[in-house]
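Please look over the sequence and the model before reading on.

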Amino acid sequence: MRFFFHINLIFLVSILTSNTFAQNQIVADLSQENVKISTDFQGAKILLFGAYDGKKGDDIIVIVTGPKGLVTVQKKEKILGVWVNTRKVNYINTPKYLSISSNRKIDDILNKKTQKISEIGLNNLNIRMQPGIKVENEKQWRKALTRNMLKSNLWSINENSVSLNKDALFRLFLGLPSNVIIGQFEVKILHYRNSKLVSQQINSINVSKSGISAEIYDIAQNYSTLYGIFAVFLAVLVGWGSNLIFRKV
Amino acid sequence: MYYHDLRNNIENFMYIYLPIAEQPVHSLAILGIGAFLGLIMGLVGVGGGFLLTPLMMFLGIPPPVAVASVANQLVAPSVSGVLSHWKRSNVDFKMGTVLLLGGIVGSSIGVILFNFLGKIGQLDFVIKSSYVIFLTLIGTLMFSESLRLILRSRKGKVTRGKLHQHNWLHGLPFKIRFRKSKLYISILLPIFIGVIVGILAALMGIGGGFIIVPAMIYLLGMPTSLVVGTSLFQIIFVAANTTILQASQNQTVDIVLATILLLGSVIGVQLGSRFTNILRGEYLRLILSSIIILVSLKLLIDLVTVPSDLFSVIISR
């Protein structure tokens, strides 16, 4: 984040064509920049590939961060023999999607302190409890957040998933689960040499609803009463129609 | 390779992404469940709504979406059912109208309650626990009733009851004559029943057939021949009102889910009503009540066993 180089696309192309690699650059592209959630959506698999100016032993870490916002953690307690949600904690600024991928174990690439400073790792995120909430055992709640996000596949750590080739090319399959949240996703590619950040690049993926699915969702949100009336109308029509059809059979 | 692609395409086609539930489901599974419950509805006469919502929850559909979408789908088999009962002149429209007035008030209260419970984060719990209570109640009653009938018919004893019993409820004020049902009772009684059923319809995604049918027989004393048609008549309006209010207040009606379910259920209802003669009613009820008891047990177990994780997360959209 601190050494933010925004690389112009035209500049990129010129690098590629002239074949004269500038020092410490990453060139990367995605097989798909726009993910459309339509009626047949079951998750997406995106290929991230590119070239870097590497040396033997260099490492690549890729962090994909989805839209950030409010995530609530609830805790159940036993009341009269039944488990009921009794307490909740709101976390603000929480990524609703996060995947951290690397070519080998992150602990082998960076020491704990660097991980913390660079905000790499599920416990090093800049997530805060909503001001005003007081709970005992804060760590337990934060752990529960991580555990549940991992379970829902919205957060993931994929060590050894980045494949490197001849210290020049890298390749990674990014998986977006079917329950992914719509919005802008940031793809940050970090290139490390002896635990030092040499270069980085940021791409983005836009996840949106499309087709009938998107239209239905929009109508349900914006014209909700009309949507309800239409839903009833459709049901009446099918009920009446089935009666007409089956009467003859 | 071509074969593989083709199979993949078919597989993909089977999955449909639900726009409101925001998850893919297997369309044939939903269609099958709809047809199965329609079959029960056609065979036994009572709706499958109270089984449909729990089954949707078992499939992982969020309870609020399951409840609202099932209310939507209920409109279709009810319309279909009323039309065929109407032809046989088995609908008391006057009684139905009084019941539905109560029902509309009740379902409106129910949707407001639904919204409130959602805000305080107790909605899932209330939906599940009301299902446990009602399914256990209905399941056990139905089970013992049908078992008694079966045992009695084995002995070959036939008893005849009165037209209907009179009790203190018939002494309430604002009496009205319902010619078709041959009743002269207080209007407050059907309105009250309507309100209760309306609240439950909104909260649980049911037509309330399993509550209103016994209530009409035992509390109002209506002739049994009119009960099913009249209750279906009022269910149309209660379910319609619930759907529109759920859509406008809570945005939880998934029209895709409801449509797949109702396509399945209208086919099932028609098949069911054709096969009523194959199995005896008592045996059908015995089977159905066993299913109901099993479903309520599953829900109860989910509520009382220690959750694998005490914590859960809600991701705001």
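## A helix of chain B

Helix α5 of chain B, covering residues 93-119, has 27 residues and reaches 38 Å from its first C-alpha to its last, close to the 39 Å expected, where the expected span is 1.5 Å times one less than the number of residues. Helices here are DSSP runs of H or I with at least four residues, and strands are runs of E with at least two, numbered from the N terminus. Just after α5(B), Gly121(B) takes a positive phi of about 75 degrees.

## Basis of the model

This is a predicted model, in which local features need pLDDT of at least 70 and side-chain atom pairs count only at pLDDT 80 or more, while totals for chains, interfaces and linings use all residues. Residues are numbered from 1 along each chain as its sequence is written, and chains are lettered from A and ligands numbered from 1 in the order in which they are written.

An open sheet of four strands runs in the order β8(A)-β6(A)-β5(A)-β5(B), with antiparallel pairing; two strands pair if DSSP finds at least two bridges between them. Its edge strands are β8 (128-129) of chain A and β5 (311-315) of chain B, each pairing on one side only. Five bridges join β5 of chain A, residues 68-79, to β5(B), and within β5(B) the bridge partner of Gln74(A) is Ser312(B).
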